[in-house]
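Please examine the structure shown below.

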Amino acid sequence: MTSTEARVYVEFIEEEDRHLPEGPRWLTVRGRPALAWVNIQLGPGATTGELRVHFPDDPDAEDLIEPCPGRPGFLLPIEGGNRVLVGVDKQLRVCDLAEGKWSDPLATIPDDNPRTIINDGEAVPGGKAVVFGTKDTQFDADAKLAQLYLYTVDDNRVTLLAPGQVCSNGKVFASDERGLILFDIDTPTRKVVRYRLDVAARTVTPDGVALDLSNQVGLPDGMCDGGDGTVIVAFFNPDFADAGRAVRFDLATGAAREEW
């Protein structure tokens, strides 16, 4: 397996910026290429977070920081630049990063449990829907309070797809002769599971385990499409480690091909 030592791209100085940064996305802000991500919360007991925007064309410039009205779980760029769709606490909202303005909530998840907040999400191919999940902030594997949802853009509608998760994380889409496939992580299970997603019917159907990661060090967290039938999974290690680790896996064979 190929192994590469990753380099620091953006260095966090303040401790609050180092606490829970996740979900980096490339986009355009004020006509400039930018990398944006969510800082879910700014400390162990914090109930708010922020959006952060870094401009690689001027590495000495200060990052743009946009405070959030809660704890953001994900951001997704909206076509045309400047704006992002953000899952924050239990709502979906749009933030204009150029103007520093937030929309009224587009939708609210049907879940009033104080322990659950929106976590990771990904746009469905075509950009007209988003699949996202929630997490139990106490990470209680027995309670299974978190859930998987579908949001459709044209009608601002949210539908429950699957209950019984703990910490809903990385999502990747693919398709075959049977239709659309959703690969999904519920972190404590240490598995990438496969669903058949029917956006029109607003349903998912379980279709087995794509990757069993129980032999890996750490817990699967973020995930993105690696191309050629592979995914790259970032692992969270709750124990002390000299470095973090991301691994590229073949979805057909389960083999680890590459690591950083």
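**Salt bridges and exposure**

In this predicted model, a network of salt bridges links Asp17, Glu50, Arg52 and Asp63. A search of the whole structure finds 17 salt bridges.

Q: Why is the pairing of Arg25 and Glu122 called a salt bridge?
A: The N to O distance between their side chains is 3.0 Å. A salt bridge requires such atoms to lie within 4 Å, so the pair qualifies. The pair links distant parts of the chain, with Arg25 in strand S2 and Glu122 in strand S11, 97 residues apart.

Q: What makes Glu122 buried or exposed?
A: Its relative accessibility is 18%. Buried means under 20%, and therefore Glu122 counts as buried.

Q: How do you know that Glu15 forms a salt bridge with Arg18?
A: The closest N and O atoms are 3.7 Å apart. This value is within 4 Å, so the term applies.

Q: Why is Glu15 called exposed?
A: Glu15 has a relative accessible area of 58%.

Q: What makes Gly208 partly exposed?
A: Gly208, in strand S18, has a relative accessible area of 44%. That value falls between 20% and 50%, and therefore Gly208 is partly exposed.

Conventions
Residues are numbered from 1 along each chain as its sequence is written. This is a predicted model: local features need pLDDT of at least 70, side-chain atom pairs count only at pLDDT 80 or more; totals for chains, interfaces and linings use all residues. Side-chain values use heavy atoms; hydrogens and water are left out. Helices (H or I, at least four residues) and strands (E, at least two) are DSSP runs, numbered from the N terminus. Buried means under 20% relative accessible area, exposed over 50%, partly exposed in between (1.4 Å probe, protein chains only).
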